[in-house]
Amino acid sequence: MSKDGDGAHCLQYSGLSITPTQQMLSSCTGALLTSLLMTPFDVVKIRLQSQAKPSNFTKGHCFVYCNGLMDHLCPCVNGLTPSSEWYKRPSHFNGTFDAMIKIARNEGVTSLWSGLPPTLVMAIPATVVYFTSYEQLKAVLNYHEGINSDRWKPMVAGAMARVWAASLISPVEMIRTKIQSKHFTYTQVWKAVVDTVRNNGVLSMWRGLGPTLLRDVPFSAIYWTSYEAMKAQILDSCNRPSLTFLETFTAGATSGSIAAVVTLPFDVIKTRRQIELGETEFAGKNKGPTSTWRIIHKIYVAEGFKALYTGLLPRLLKVAPSCAIMISTYETFKYFFFNRNKKLAEALEVSEEQSIQKDFSPATFELPVSYLLSSNPSDQSIKLPLPVISVLELPENEQCTTPLQHKT
């Protein structure tokens, strides 16, 4: 791949060679597949936590549910309701895989995806907006793969795309949590939203967005910078227009792991802030500090600096495969649409060439032999040769119905 901008074959695949609609379909497919593959692990994790500390799953508490794409705040409620029954079922598990087997055997395989549908309503649109915005921003910044001076562009595009996606989805996520925590009807939800805006201002709909951006924006910037750098390096060394599925999977997992390690302190802060905010906002509890920076100070003073790096292994086990599945599926479908568009364009080009050749083909004059023999061979006024392509032999008594006009 050229280093000085002559990388057209790669630019065709990386930019706007596929339509925004095709980008949306690619990211939607990746989001759905990621959720289906990763959700069972988080369901098992929550069930194990509920078994170990059932008091933490009663009314007044919250827990974080991850479907592989986003972390969702889930307020606990009393009693066995459709939204709470799955994490309050009595059980005795001896570990992750034991829990997975027993849940599938005793409660049905679909129980491994408990709580998934309500979160997908938020997660899939957010992922579609995020990935499509990233591709569009890369095109606006005129990013070229393999050019060292363009390495900063994925970082900016990734950070801006994450801000945009998180800002769009934050108010909707708050409404979803209100519905889940208080069993509001849609009319009651609308009234609650109006009252919240009237009492606390419009910005109250984005309460809790700060901790989310504190973690997700650096993560996106680091992830896309690492991924695009690995991708460009592989394409340059192998002189190919695209990565294989395994290469994309590996690059996605590696980039996700790097970003997860670097942003782990932000993840610890965000999780604690999210749970605390949920218990204050939706459960009516007041647990003290509500400022993100006060939480950071509290963690540092009470637990030390190491507390900001707790849970590294569980985070890596969640983030690395999620990033790998999402990006490899996304790139696979992008390349599928790219090849499809390329074939359609080639077929259209061939069709246009054939049409042009047909419209501008030279005329063929078909003249009978008797007419040619009857012309005056001594006529010197004919300066140019006649464009006779073929001659038809007709009977002597048959005349040509269209005389040839000679220009003198």
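Two residues are in contact when heavy atoms of theirs lie within 4.5 Å. The model is predicted, so to speak for local features a pLDDT of at least 70 is needed, side-chain atom pairs count only at pLDDT 80 or more, and totals for chains, interfaces and linings use all residues. Residues are numbered from 1 along each chain as its sequence is written, and side-chain values use heavy atoms, with hydrogens and water left out.

**The chain as a whole**

- The secondary structure comes to 13 helices and 4 strands; these are DSSP runs numbered from the N terminus, with helices (H or I) having at least four residues and strands (E) at least two.
- Of the 408 residues in the chain, 41% are buried. Here buried means under 20% relative accessible area, exposed means over 50%, and partly exposed is in between (1.4 Å probe, protein chains only).
- The accessible surface of the chain is about 22,100 Å², and carbon and sulfur atoms hold 63% of that surface. Accessible areas come from the Shrake-Rupley method with a 1.4 Å probe, and for residues only the protein chains shown count as cover.

**Aromatic rings**

- A pair of aromatic rings is described by the distance of the centres and the angle of the planes.
- How many aromatic pairs does the structure hold? There are 18 aromatic pairs. Rings of Phe, Tyr and Trp (its six-membered ring) pair if their centres lie within 6.5 Å; planes under 30 degrees apart count as stacked, over 60 as edge-to-face and the rest as tilted.
- Phe57 and Phe63 form a tilted pair, because their ring centres are 5.4 Å apart and their planes are at 40°. Phe57 is buried at 6% relative accessible area, and Phe63 is buried at 5%.
- Tyr223 and Tyr227 form a stacked pair, because their planes are at 10°, with the ring centres 6.3 Å apart. Both residues lie in helix H8 (residues 209–238), 4 residues apart, which is about one turn of the helix.
- Tyr223 is buried, with 4% relative accessible area, and Tyr227 is buried too, with 0%.
- Ring pairs join Tyr223 and Tyr227 into a cluster with Tyr130, Phe131, Tyr134, Phe219, Trp224 and Tyr330.

- Thr248 lies in helix H9 (residues 245–262) and is buried, at 3% relative accessibility.
- A polar atom of the Thr248 side chain lies 2.9 Å from the backbone oxygen of Thr244.
- Which residues does Thr248 contact, leaving aside its neighbours within four places in sequence? They are Tyr227, Leu243, Ile327, Ser328 and Glu331.
- Ser257 is also found in helix H9, but it is partly exposed, with a relative accessible area of 22%.
- A polar atom of the Ser257 side chain lies 2.8 Å from the backbone oxygen of Ala253.
- Not counting residues up to four places away in sequence, Ser257 touches Leu316 and Ala320. Ser257 and Leu316 are 59 residues apart in sequence, yet their C-alpha atoms are 6.0 Å apart in space.

**Cysteines**

- A search of the whole structure finds 0 disulfides, where a disulfide is a pair of cysteine sulfur atoms within 2.5 Å.
- Cys28 is partly exposed, with 30% relative accessible area, and Cys238 is partly exposed, with 36%.

**Loop residues with positive phi**

- Most residues other than glycine have a negative phi.
- Asn142 has a positive phi, near 60°. Its place is in the loop between helix H5 (116–140) and helix H6 (152–182), and Asn142 is partly exposed, at 45% relative accessibility.
- Asn239 has a positive phi near 55°. It lies in the loop between H8 and H9. Is Asn239 buried or exposed? At 56% relative accessibility, Asn239 counts as exposed.

Notes: A polar contact is a pair of N or O atoms within 3.5 Å; within protein, one must be able to donate a hydrogen and the other to accept it, and residues adjacent in sequence count only if both atoms are side-chain atoms.
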